[in-house]
There are 2 protein chains.
Amino acid sequence: MSTAALIGLDWGTSVARAYRIAADGTVIDTRSADCGLQKLGARSFAEAFTDLVGDWSREPLPRIAAGMIGSRNGWIEVPYVDAPATLAALAGGLGRTPGGELAIVPGVMVRDREGTPDVIRGEETQLLGALASGVGDGLFCMPGTHSKWVALKAGTIADFATYMTGELFGLLSRQSILAHAISDTKVAPDNPEFLAAVAAGVDRPADIANRIFEIRPAQLLGFSPIGSGAVRLSGALIGTEIAGARVRFGKLDRVHLIASGSLSKLYAKALEATGSTVDLLDADAVVLGGLHAAALRLWS
Amino acid sequence: MSTAALIGLDWGTSVARAYRIAADGTVIDTRSADCGLQKLGARSFAEAFTDLVGDWSREPLPRIAAGMIGSRNGWIEVPYVDAPATLAALAGGLGRTPGGELAIVPGVMVRDREGTPDVIRGEETQLLGALASGVGDGLFCMPGTHSKWVALKAGTIADFATYMTGELFGLLSRQSILAHAISDTKVAPDNPEFLAAVAAGVDRPADIANRIFEIRPAQLLGFSPIGSGAVRLSGALIGTEIAGARVRFGKLDRVHLIASGSLSKLYAKALEATGSTVDLLDADAVVLGGLHAAALRLWS
């Protein structure tokens, strides 16, 4: 059995995951708990940390965390590092909790062409993991509630943008007039209506507020089968996101997709159907790799 | 005092308004009640109608209604007339309640380039009113929860599209992560941040899901003043709607804006700032004119 060299934590708004990691990056043991920022209740971060890592904390190992735990509503606020951001800059920007429990990886800030800031926090560690795994430069798509598209250049986080796709899908499918047309939010990636909606979204993103409205009359008037509301909505929103990424990052010939579960299949299909070659990277594996890479940089 | 020649009703999802109208279109008297489709409670439509018009119903006058009262969840479902729709086709498609209380103007259905249906119900009567007032052909914008853009050609409803702009604004400002950045949903039409967001939305609609996300970091990081969240959100959504209308209807050199209150000022400014000449028509006046015009056609 390997000896632990590091404790790494991925601590977000819902869940925290802790890993005991060997010097070569192998995971020895894993623990997780619903003690994300919005789930703490009356407990302090220090209490939640002690509950989560338990007896692991008796080992004199370096401990490093990534994710929203370093945000304004987290344990401590770790200021954003400006893009373009190198691994060295991220290591230089690490925060430390007052009791010395954890080092926390900083997020990254970038400005769009109008000067408006955009941010990532947690994804920078996934990107470190992708780099460490041998994936070189390129364009990365990390779909979710707030999808992130990130351009890596020369091992540096050069540019990125966030798209509110997942949150829009949730709001529209549950709380808008479209809720009457959407009973099941599962979407099959091979559904031709999904791929048609993606293509239309990529080709004519300006129509988005019209295309999603029409989901309702399409069902009322029997044009679209009952049950296809989520398919059309998901396709329209993902297609518009891809159109936005093209405007921002140029041609999407090759996309490194960091995702897991059903979302990875949906985005892979949507991207392939609109002309991209997709490399799939597992989200959990890259966050682990990123925590390991950051720790190596810090403590080796 | 004029003699009443007609009772007209504008009966929507929240409110119903009844007008006693003279033969020349002048309004003699008005009544309204919160008895829209979603406000009826246990009352029947017939009971709500009797309560609303009261003693007016003793006069042997033609009675005509427009709005959601003719939808599937209304008093009776009046089938949509296909676009391109003439005044004669609308008159030919009138529905009648079983007790003979009301004639109801039908809505109109159109298909987009992919064959997906879109619908209006109530707006067709406003357009009849605009035509009757002497406004000729052209492009009409009717902003709201579901904004309608309609092209009239040769006095016919030729094409239209619905944009979910108002509903998106409501959902995003109150129930998304942006709610943390939006305390006041009032938007001043002259605010430079509003006009900049409109222009960016018109120029790069593909960025919409990114532009609205950035409202949050823009405030967190002090780039944008506290209180400007609604301004940026409203501008981004209206700008994207205008971009969509350009794709669908071509250059928007001249737009007939049918609106009232704060929305009319917002849309007028947004359209003028992006190159359109705007003619403002009062929404209440045109619905009245439309009920009168439809009645003239039917009963003269």
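## Aromatic rings that meet

Rings of Phe, Tyr and Trp (its six-membered ring) form a pair if their centres lie within 6.5 Å; planes under 30 degrees apart are called stacked, over 60 edge-to-face, and the rest tilted. In this predicted model, local features need pLDDT of at least 70 and side-chain atom pairs count only at pLDDT 80 or more, while totals for chains, interfaces and linings use all residues. Residues are numbered from 1 along each chain, chains are lettered from A, and side-chain values use heavy atoms, without hydrogens and water.

## A cluster in chain A

Let us start with four residues: W11(A), F45(A), F49(A) and W75(A) make up one aromatic cluster. Over all chains, there are eight aromatic pairs. W11(A) belongs to strand β1 of chain A and W75(A) to the loop between β4 and β5, 64 residues apart; strands here are DSSP runs of E, at least two residues long, and helices are runs of H or I, at least four, numbered from the N terminus.

W75(A) also pairs with F49(A), this time tilted, at 6.0 Å and 55 degrees. F49(A) lies in helix α1, so this pair ties together parts 26 residues apart in sequence.

## Charges over rings

A charge sits over a ring if NZ of Lys or CZ of Arg is within 6 Å of the ring centre and within 35 degrees of the ring normal. R121(A) lies over the face of Y80(A), 4.3 Å from the ring centre. In chain B, R121(B) sits over the ring of Y80(B), at 4.3 Å from its centre.
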